[in-house]
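I opened the model and kept notes as I went.

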Amino acid sequence: MSEEKEKPTIPEVDFKTFLEETPPNHTVKCIDFDIQRPKHTVSSVNENIEPLLYCPHEKCKGNRLFFTRTQYGTHLSDKELNMNFIKYTCRNCGVTEKVFAYLHEFDGGYNSIVAKVGEIPKFGKRVPEKVNKLIKSERDLFFKGMANENQGMGIGAFSYYRRVLDSQKDRIFDKIIQAVEVLPVDKEIIEELKAAKAETQFTKAVDKIKAALPQGLLISGHNPLKLLYSAVSEGLHNHTDEECLQYAQSIRLVLFEFAERLDSVLKANRDLSGAVKMLAGLKPKAKA
Ligand SMILES: [Zn+2]
């Protein structure tokens with residue numbers, strides 16, 4: 001029997017994604033890290049790469065582009081491990097700073113193996129208010145899922161997110177039904193959504209839906225319920241912690257975007273109803 005173990009696969013990402021999405025204590029293969037590396041000299045990060053990060057400054061309070069201010073690193077050969085710090089500043093307010101620490105080594109080709117050591121302020125996404133409204137009473141569990149995800153604990157994050165989807169299934173489906181009802185759709189999808197809601201689990205409920213969701217709720221042309229279904233139904237048993245982390249990240253990202261779509265459909269409808277009400281209330285002026 002072979003003693004050789006299969007090597008775990010390292011996710012391949014670009015440097016911008018590494019800064020924005022990779023939690024501390026995780027390693028990736030960066031596909032554009034050494035883009036400006038002249039042969040046999042010290043490597044440096046391409047300064048045109050600007051991560052989109054959360055800025056809490058009162059001028060910003062949202063995701064903004066950050067630019068490179070300073071880089072410190074060990075000046076080692078291509079064959080050794082390099083230790084680096086890089087500092088970014090918010091392009092919008094010019095005040096908020098973010099520092100990353102990472103290790104990297106070249107893989108013999110043009111890619112780099114990069115490990116994130118840490119970052120200050122600490123890694124982590126904020127829960128948008130629209131998502132909070134959607135998951136309501138399960139905010140704490142969702143927050144724990146994000147804390148697990150931030151620490152790179154994939155199985156934990158995945159389990160928390162799945163639990164939130166299962167326990168908030170009724171609420172999520174009610175919101176979808178509300179949104180679908182204001183869009184021009186066949187009655188069929190509304191009936192299907194109502195019947196699916198009666199299922200006990202999120203995956204079973206989604207599995208029941210055969211009709212397509214209206215265009216306004218799709219994410220990059222895909223039905224978000226089916227995307228969530230694919231990620232959640234993968235299960236925990238056949239996957240590594242790293243793979244579960246990727247599924248957990250996908251669940252969170254799709255849920256964030258879906259909450260946004262639902263909210264904008266309902267808001268557009270409220271605005272329209274308001275306008276109709278106002279215009280309908282106008283009395284025709286008497287002719288002179
Ligand atoms: Zn800012």
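**Helix pair H5 and H6**

I looked up where H5 touches H6: Asp 170, Phe 173, Ile 176, Ile 177, Val 180 and Glu 181 of H5 meet Ile 189, Ile 190, Leu 193, Lys 194, Ala 196 and Lys 197 of H6. Contact here takes C-beta atoms, placed from the backbone, within 7 Å. I sorted this contact of H5 with H6 by class and got eight nonpolar, no polar and four charged residues. Nonpolar covers Ala, Val, Leu, Ile, Met, Phe, Trp, Tyr, Cys and Pro; charged covers Asp, Glu, Lys and Arg; the others, Gly among them, are polar.

Before going on, I noted that this is a predicted model, where local features need pLDDT of at least 70 and side-chain atom pairs count only at pLDDT 80 or more, while totals for chains, interfaces and linings use all residues. Numbering runs from 1 along each chain as its sequence is written.

Next came the geometry. H5 (residues 169-181) and H6 (residues 187-197) pack at about 170 degrees, with axes 10 Å apart. Axes are lines fitted to C-alpha atoms over the stretch in contact, and angles run from 0 to 180 degrees between N-to-C directions. The two helices, H5 and H6, are therefore roughly antiparallel, a label for angles over 145 degrees.

**Buried side of H5**

I checked which residues of H5 are buried, and found Lys 169, Ile 172, Phe 173, Ile 176, Ala 179 and Val 180. Buried means 20 or more other C-beta atoms within 10 Å of the residue's own. They cover an arc of only 125 degrees around the axis, so they sit on the same side of H5. The arc is that of the directions from helix axis to C-beta atoms. The cover over these buried residues of H5 includes H2 (129-135), H4 (154-167), H6, H7 (202-207) and H9 (241-281).

I turned to H4. Its buried residues are Gly 154, Ala 157, Phe 158, Tyr 160, Tyr 161, Arg 162, Val 164 and Leu 165. The buried residues of H4 pack against H2, H3 (139-150), H5, H7, H8 (224-233) and H9.

I then picked Phe 142, which lies in H3. Phe 142 counts as buried because it has 23 C-beta neighbours inside 10 Å. Leaving out residues up to four places away in sequence, Phe 142 touches Val 127, Ile 135, Tyr 160 and Val 164.

**Whole chain**

Last, the totals. I read nine helices and seven strands, taken as DSSP runs (H or I, at least four residues; E, at least two). Of the 288 residues, 27% are buried.

Conventions: Buried ≥ 20, exposed ≤ 12 C-beta atoms within 10 Å, placed from the backbone. Parallel < 35°, antiparallel > 145°, perpendicular 65-115°, else oblique. Contact = placed C-beta atoms within 7 Å.
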